Amino acid sequence: MAITGSRTNLTCRTNAAFLGLAASFFAAAAETAEEVERLVVVGSRAEPRTVTDTAAPVDIITGAQIARTGVTETSRLIQALIPSFNFSVSTISDGTDAVRPATLRGLYPDQVLVLVNGKRRHNSALMHINGSVGRGSAGTDLNAIPPSAIERIEVLRDGASAQYGSDAIAGIINIVLKRQTEATEVYNYFGETYQGDGDQRRHSVNTGWELAGGGFLNLSLERRGRNRTNRAGDDPRCQYPYSTYVRPCPGTGEATFDRHNHRFGDAESDNSYLAFNSEMPLAAATLYASGIWSRRDTQAAGFYRRALDPRNRRNIYPDGFLPMINTDVEDASLTFGARTQLGEWDVDASVTHGRNTFEFRVTNSLNVSLGDNSPRSADAGELVFGQTTFNLDAVRPLDIGLAEPLNLAAGYEYRRDTYEIKAGEPDSWRDGGALAANHAEPTRDVPMPTTMPGPGTPGIQVFPGFRPENEADESRHNHAFYIDAETWLSDRLRAGAALRYEDYSDFGSDLNGKLSARYEFSDRFALRGTLSSGFRAPGLAQHYFDNVSTQFNFVSGTAVGRETLTTRNDGAFARAIGVEELKEETSLSLSLGFVARPFDNLSLSVDAYLIEVDDRIVLSSRLDGNRIRPGL
């Protein structure tokens with residue numbers, strides 16, 4: 001496979017360890033009594049307890065706190081209220097401008113498990129490949145969940161692979177949807193930055209209805225938009241072709257050219273949402289259902305191509321051009337299930353299906369290899385991720401002669417994941433054979449080269465389309481069984497243990513475990529700690545993603561664009577240079593901390609943690625094909 005003049009990314013394996021210290025204060029002076037005794041569900045299958053009574057650190061974001069932030073995006077409001085959560089800002093990073101990565105406790109986006117009403121949320125179809133946080137991973141798009149539909153958010157800052165799933169290495173974010181039927185809530189928000197750009201607007205309505213028999217239906221509609229921001233400076237470079245090095249730049253048009261030609265900042269975004277949450281008692285069971293649909297249209301810019309750039313066609317763009325990546329992201333999920341009691345067991349059976357599609361369209365660009373007949377826009381292809389999950393969970397108290405009954409939980413999970421890459425239209429990727437323009441820039445010592453121009457780089461610029469050879473239609477499934485037990489061993493010591501067995505159709509099986517304990521020295525001071533193991537199979541996007549994109553490196557202070565191949569580990573090129581197949585990640589997590597309540601209206605928690613991840617999956621550095629094996 002010839003990739004002369006190109007670079008390539010390969011997914012590889014590394015080992016890593018993470019240390020951290022988290023502290024939180026909760027002052028009750030400005031809160032109501034109801035808000036002080038906030039109950040949590042995530043992290044334990046026993047009866048709900050308050051945030052200061054758990055064996056692992058749990059943060060709760062209430063609806064009142066969400067309203068007070070004034071933040072329009074779910075990821076940003078979590079970042080504003082949870083210190084261990086980060087939602088990075090990225091720009092000029094292809095699809096990552098539309099779906100930004102979120103991380104918990106410094107780990108990757110795909111190492112945190114997101115739940116909605118306690119049910120697994122699917123991942124995004126996008127794998128981050130440019131210079132952003134989480135390169136080489138595909139996490140969950142939290143911003144596909146509208147804030148207007150959220151009652152509260154529970155964040156478990158502890159490894160929970162043995163309890164909830166193999167990808168809960170960093171912890172769990174459980175988003176609980178609203179159940180209220182008492183009011184219709186209308187929200188309107190307008191704002192902009194101090195620079196006078198980035199206008200934001202959010203309009204939402206949430207309402208609910210009581211159903212017969214004590215059931216409910218809650219519905220949310222939301223529209224949200226954001227205009228672009230731009231913090232780029234003026235471009236000092238010469239823009240038009242010239243024969244000798246002269247400063248200031250010679251040539252017609254240099255003096256009047258608008259040098260504010262780049263965009264560096266937030267992309268334009270327009271979002272629509274529909275969410276519902278419902279429950280209906282029926283005979284001996286309670287039926288429930290919930291769903292979220294969202295659509296996001298985003299426009300982000302690449303780097304400006306100057307008039308003298310060999311990738312430009314001056315007959316099409318006499319003054320150069322700023323290519324645009326337009327992404328249409330559609331996300332939908334639906335959960336339905338039933339809860340009932342069978343003897344001493346409380347049983348919950350549910351099915352959840354989620355699907356994320358990511359379409360690329362490049363505008364204000366060209367495919368230089370097609371010459372002056374190149375189109376200015378093209379559909380560059382589509383990514384699709386789907387996930388269907390079946391859960392059967394059962395829990396009961398069991399009297400075994402201890403201070404309190406043993407809370408015993410057991411369950412089964414079946415999950416099927418699918419992943420597709422669909423090729424773009426031919427003009428987005430094909431090589432038309434036309435030569436590039438001979439617009440090499442002279443330097444102080446070297447005048448304009450007189451050599452003939454080389455072949456034009458194929459593909460529409462800024463994001464060449466997925467090619468037929470990049471196409472994929474892959475799937476896998478896994479089965480999981482778990483058992484979870486928790487009890488008071490004495491009036492001061494609470495302990496828990498969990499085991500989870502998972503078997504993947506493509507990466508084998510593993511057994512994860514977790515131990516937790518909490519010892520209360522008094523009503524005002526307690527120690528707590530956990531020890532857990534984890535196992536995470538590579539995501540389908542990590543395994544099968546394959547494309548060519550334009551990525552920029554700085555050479556002597558100048559941004560130089562290179563066509564970069566990101567290839568799967570089992571691809572022909574990766575195999576040719578001896579790259580190994582992907583292996584699953586394994587982890588060991590330890591946390592230790594204390595909870596103190598020095599005053600009735602003040603609580604303090606401090607928790608230290610250590611997470612060691614072996615065979616961590618990341619995106620490799622760029623490899624030059626010629627240096628690896630000449631003539632390959």
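Modeller: Let us begin with Tyr501, which lies in strand E21; helices (H or I, at least four residues) and strands (E, at least two) are DSSP runs numbered from the N terminus. Residues are numbered from 1 along each chain as its sequence is written, and side-chain values use heavy atoms, with hydrogens and water left out. This is a predicted model, in which local features need pLDDT of at least 70 and side-chain atom pairs count only at pLDDT 80 or more, while totals for chains, interfaces and linings use all residues.

Colleague: Is Tyr501 buried or exposed, or something in between?

Modeller: Buried means under 20% relative accessible area, exposed over 50%, and partly exposed in between (1.4 Å probe, protein chains only). Tyr501 has a relative accessible area of 34%, so Tyr501 is partly exposed.

Colleague: Which residues make the nonpolar surface patch with Tyr501?

Modeller: Patches are made of residues with over 30% relative accessible area and no salt bridge, where like charges are joined within 9 Å and nonpolar side chains (Val, Leu, Ile, Met, Phe, Trp, Tyr) within 5 Å; a salt bridge is a side-chain nitrogen of Lys or Arg within 4 Å of a carboxyl oxygen of Asp or Glu. Here Phe481, Ile483, Leu499, Tyr501 and Leu511 make a nonpolar patch of about 470 Å², to which strand E20 (472-488) and strand E21 (493-504) each give two or more residues. The areas come from the Shrake-Rupley method with a 1.4 Å probe, and for residues only the protein chains shown count as cover.

Colleague: How many disulfides does a search of the whole structure find?

Modeller: A disulfide is a covalent bond between the sulfur atoms of two cysteines, taken here as a pair of cysteine sulfur atoms within 2.5 Å. The search finds one, formed by Cys238 and Cys249 with their sulfur atoms 1.9 Å apart. Both cysteines lie in the loop between strand E13 (215-226) and strand E14 (268-282), eleven residues apart.

Colleague: Which residues have the most contacts inside the largest nonpolar core?

Modeller: A nonpolar core is a set of buried Ala, Val, Leu, Ile, Met, Phe, Trp, Tyr and Cys residues joined through side-chain atoms within 4.5 Å. The largest has 30 residues, and those with the most contacts inside it are Ile78, Phe85, Leu142, Ile153, Ile173 and Ile175. Among the elements that give two or more residues to this core are helix H3 (74-81), strand E9 (150-156) and strand E10 (171-177). A second, separate core of 28 residues includes Phe358, Phe466, Leu540 and Ala541.

Colleague: What does Ile153 touch, leaving aside residues up to four places away in sequence?

Modeller: Contact means heavy atoms within 4.5 Å, and the residues that Ile153 touches include Ile61, Leu77, Ile78, Ile173 and Ile175.

Colleague: Which backbone angle marks out Ala283?

Modeller: Ala283 has a positive phi of about 55° although it is not a glycine. Ala283 sits in the loop between E14 and strand E15 (285-301) and counts as exposed, at 85% relative accessibility. Asp615 likewise has a positive phi of about 55°, but Asp615 lies in strand E27 and is partly exposed, at 22%.
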